[in-house]
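Subject: Structure for your files

Hello,

Here is the structure I said I would pass on. My notes on what turned up in it follow below.

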Amino acid sequence: MRKLLSIILVILSSISIVSAQELNCQVSVVSPAISVSATKLVLQTLQTSIFDFMNNTRFTNDVFKNDERIECSILINVTQQVSTDQFQATIQIQSRRPVYKSSYNSTMINFIDQDFEFSYLQYQPMEFVKTTVNPNLMSVLAFYAYTIIGMDYDSYSLNGGSPYFQQAQTIVNNMQNAAEKGWKPYESDRNRYWLIENILDPYFKPLRECIYRYHRLGLDIMSDNKDAGRAVILQSLQLLQKVNNDKPGSFGLQFFFNAKSDEIVNIFKQAYPEEKTKVVSVLTEVDPANSNKYDTITGTQ
């Protein structure tokens with residue numbers, strides 16, 4: 001009997017590993033502006049429900065092992081309770097990707113969405129249906145799940161994330177009649193509509209090529225050849241000059257540098273003087289908002 005039980009446990013463990021979901025997502029819901037104890041209890045339940053949704057929903061047909069799941073996190077800051085079941089909040093999305101032959105994780109997404117309104121009743125089921133219009137809470141969560149997966153796949157193969165970005169775009173299209181903000185082009189130039197529009201716009205092909213070359217051909221070889229990897233990263237960043245010429249100040253570029261600016265500084269502080277000069281010139285052109293940060297590469301700030 002004990003031997004049979006051991007065999008069953010091994011089989012179940014194997015099934016679990018083979019069918020692991022794509023995301024390993026940490027979820028935190030905070031509400032410093034809310035003082036009602038009953039509401040805080042509801043939001044604690046919401047945190048658990050979102051955790052279960054993000055970590056147990058299958059968003060792709062691909063097979064992931066447990067140690068291959070995409071590391072990510074969601075921080076929801078509830079700023080106002082509009083009614084019994086309606087809330088206003090911000091949602092911060094972060095995701096990371098391991099670098100080959102190292103213990104380092106590279107940030108892929110670091111973005112705070114200010115336009116997050118949702119309805120939630122305690123213990124209500126959380127389910128996303130691809131073929132229909134979903135409540136705003138589920139649509140926002142699924143949109144960012146697909147965006148996280150798309151960015152991760154783009155970093156391993158050129159345009160590899162396209163199917164998942166297209167799923168995110170379908171959600172945007174389905175939500176064009178939604179009352180909540182964040183989905184429509186005229187509401188803002190830094191919302192979910194423009195994020196996915198920029199990613200899939202042909203003008204932004206150099207950005208997606210940059211994401212692939214930067215990570216797969218640059219970061220992933222740095223443990224074996226730091227100079228060669230850094231040279232590829234510089235070449236990948238130079239691709240962004242075309243995007244900036246065609247779409248200066250675009251959300252797509254801002255989205256990229258929100259995640260990568262600190263990492264780029266750390267990479268090129270160790271570069272040769274000529275490389276430092278070149279990369280600072282490129283960065284101050286394509287990401288002028290962080291020019292002071294980039295000046296630290298050459299020690300001029």
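In which sense do E1 and strand E2 pair, and over how many bridges? The two strands, E1 and E2 (residues 70-81), run in the parallel sense and pair over eight bridges. Pairing here requires that DSSP finds at least two bridges between two strands. Strands (E, at least two residues) and helices (H or I, at least four) are DSSP runs, numbered from the N terminus.

Before the rest, the basis: this is a predicted model, in which local features need pLDDT of at least 70 and side-chain atom pairs count only at pLDDT 80 or more, while totals for chains, interfaces and linings use all residues. Residues are numbered from 1 along each chain as its sequence is written, and side-chain values use heavy atoms, with hydrogens and water left out.

Strand E1 (residues 23-30) has a covered face made of Leu-23, Cys-25, Val-27 and Val-29. Its uncovered face holds Asn-24, Gln-26, Ser-28 and Val-30. Asn-24 stands opposite Glu-71 in E2.

Next, the salt bridges (a side-chain nitrogen of Lys or Arg within 4 Å of a carboxyl oxygen of Asp or Glu). The whole structure has 14 of them. Burial is given as buried (under 20% relative accessible area), exposed (over 50%) or partly exposed (in between), with a 1.4 Å probe and protein chains only.

- Arg-230 and Glu-275 form a salt bridge, with the closest N and O atoms 2.9 Å apart. This pair links distant parts of the chain, 45 residues apart: Arg-230 is in helix H7 (residues 226-238) and Glu-275 in helix H10 (residues 273-286). Both Arg-230 and Glu-275 are buried.
- Lys-260 and Glu-263 meet in a salt bridge at 2.9 Å, N to O. Both lie in helix H9 (residues 251-268), three residues apart, or about one turn of the helix. Glu-263 is buried at 8% relative accessible area, and Lys-260 is buried at 1%.
- Arg-216 and Asp-220 meet at 3.1 Å, N to O. Asp-220 is buried at 3% relative accessibility, whereas Arg-216 is partly exposed at 34%.

Last, helix H11 (residues 291-298), where Tyr-294, Asp-295 and Ile-297 are buried. The buried residues of H11 line one face of the helix, because they fall within an arc of 135° seen down its axis, the arc being that of the directions from the helix axis to the C-beta atoms. They pack against H9 and H10, with contact meaning heavy atoms within 4.5 Å. Just after H11, Gly-299 takes a positive phi of about 80°.

Regards
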